[in-house]
Amino acid sequence: MTALRTTSGRKIEPASHTQAALEIVGAAALPATLETTRKLPQINDGFRANRLLGRVIPPALFVFIIHGWRIVSLHATPYLYYTLQRPRSAVLYCVGFNVLLCAMMYNYLSVYLLPRDHSRPPRAVPDDVREKRVIFECDRQGEPTRCWQDACNGSWRPARARHCRDCKRCRLGFDHCCPWFGTCITSPASGKAFIHFCFFVQPLLTLALSVILPLTISQVSKVVELTWTTDSLGYELLAAEWWHHWYSWSGGPGFRWLIGLLLGYWHLDRIVEHQPDLALVVPRSAVASSDPHYLLSQPRVATLLIVTIAVFVQLVALALLIVGTQQIAQGVWTVEVQRARRWRRHGGNIDDRLRLWIPADGIHSDNRRHQGFIAAIEPDVRIYDRGPRENLTAILGERWWASWESSQDPCTSVTIAPAMLEGLWQAHLGKDR
Ligand SMILES: [Zn+2]
Ligand SMILES: [Zn+2]
């Protein structure tokens with residue numbers, strides 16, 4: 001049996017011989033110019049942190065949402081109603097929170113519950129692409145791009161579709177693989193719901209935290225006052241357990257204070273037990289076993305944790321909302337931004353150009369010299385930018401506020417601005433002369 005060689009001259013060892021031979025036979029319908037090395041499938045079986053996070057974060061988010069709902073509806077609302085004596089605010093607070101929560105959950109679940117195979121490009125190259133009658137992403141030979149990773153194994157990869165190494169499949173209109181949802185954010189399936197989710201998180205958490213955050217902050221300062229200061233009730237306990245030990249510095253000052261605060265919370269329970277008349281944030285008289293809002297009236301680690309997570313989630317969602325909306329308005333997706341950044345970092349020395357096949361037909365029909373040409377476009381040119389309004393409409397639809405209407409963009413055809421197309425054509429003609 002003679003050893004197979006790839007076009008680069010690398011000998012393929014007998015162990016992978018059969019597989020390689022199958023790849024070559026399977027690719028017989030493709031032009032001979034395609035390099036054999038590209039047909040060896042790349043399997044993404046290694047450890048990927050993003051994949052692990054995508055499994056862990058969504059269940060953790062559900063636990064957080066259930067606890068958050070409990071604190072707002074069953075503790076903060078009675079606190080407003082009974083302790084602060086503001087019944088109307090309490091009703092508005094509770095109803096507003098639950099309505100916004102439904103809106104947020106609707107968008108979250110519509111991404112989280114997407115079938116695993118969502119946004120998958122068609123396997124076979126469509127006729128008008130194969131016959132080069134439309135614009136499509138192509139390789140150096142002007143042939144439609146294909147994906148050779150994982151199970152894609154040579155299937156068509158249209159423009160703006162990318163292979164997600166975490167989900168091990170190609171996705172149309174790929175933006176990024178999001179660990180918050182455990183799936184990919186793509187423009188046809190989940191882009192709009194993703195933006196709406198990030199949006200609804202803002203009023204939802206602002207409303208929830210408007211009551212809980214000031215309480216939590218005053219509780220933290222109360223705990224610090226009662227357990228950290230030298231003449232406080234808890235100081236001796238904390239000093240013996242934490243402050244006087246070298247290991248309290250092992251994680252830096254932030255770690256020292258965090259554990260000090262948690263220990264303060266822990267000891268405060270015992271201190272309160274022995275000092276029932278201790279003035280806490282909420283009058284002690286309101287605290288009883290039948291207290292309807294005990295999670296707020298006493299400093300509780302669980303409440304502190306939920307509030308910290310809520311602040312973190314709100315800030316991350318706000319950043320994603322701003323960046324996401326900006327990118328959509330500019331007609332770029334996260335993968336394209338990263339690609340342009342990588343290209344600039346290498347000073348333009350890596351060939352990461354986007355290649356598009358531009359058919360002559362229908363553009364300059366008087367020009368019959370060409371069937372078309374390959375335009376190699378540098379990664380930081382915003383080829384798909386059609387102006388903010390049109391860009392936003394492509395993802396958010398005409399009725400951008402309607403969460404239940406998903407994007408209508410099939411993402412298999414290439415739509416570029418007419419001016420950009422004309423520019424590419426002129427550049428090509430100029431080069432030809
Ligand atoms: Zn793929
Ligand atoms: Zn993915």
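## Sheet, helix pair and an exposed aspartate

Strand β8 (residues 354–359) runs antiparallel to β9, and six bridges join them. L354 stands opposite I377 in β9. The model is predicted: local features need pLDDT of at least 70, side-chain atom pairs count only at pLDDT 80 or more, and totals for chains, interfaces and linings use all residues. Residues are numbered from 1 along each chain as its sequence is written.

β8 and β9 belong to an open sheet of three strands, in the order β1-β8-β9, with antiparallel pairing. Strands pair if DSSP finds at least two bridges between them. β1 and β9 each have a single partner strand, so one side of each is left without a neighbour in the sheet. Helices (H or I, at least four residues) and strands (E, at least two) are DSSP runs, numbered from the N terminus.

| Edge strand | Residues |
|---|---|
| β1 | 136–137 |
| β9 | 372–377 |

Helix α2 (residues 49–83) packs against helix α3 (residues 87–112) at about 170 degrees, with axes 9 Å apart. Axes are lines fitted to C-alpha atoms, for helices over the stretch in contact, and angles run from 0 to 180 degrees between N-to-C directions. α2 and α3 are therefore roughly antiparallel (angles over 145 degrees). Contact residues (C-beta atoms, placed from the backbone, within 7 Å) include W69 and L80 of α2 and Y93 and F97 of α3.

D45 sits in the loop between α1 (17–26) and α2. Is D45 buried or exposed? D45 counts as exposed because it has 8 C-beta neighbours inside 10 Å; the cut-off for exposed is 12 or fewer, with C-beta atoms placed from the backbone.

Methods:
Chains are lettered from A and ligands numbered from 1 in the order in which they are written. Angles under 35 degrees count as roughly parallel, over 145 as roughly antiparallel, 65 to 115 as roughly perpendicular and the rest as oblique. Two residues are in contact if their C-beta atoms, placed from the backbone, lie within 7 Å. A residue is buried if 20 or more other C-beta atoms lie within 10 Å of its own, exposed if 12 or fewer, and partly exposed in between; C-beta atoms are placed from the backbone.
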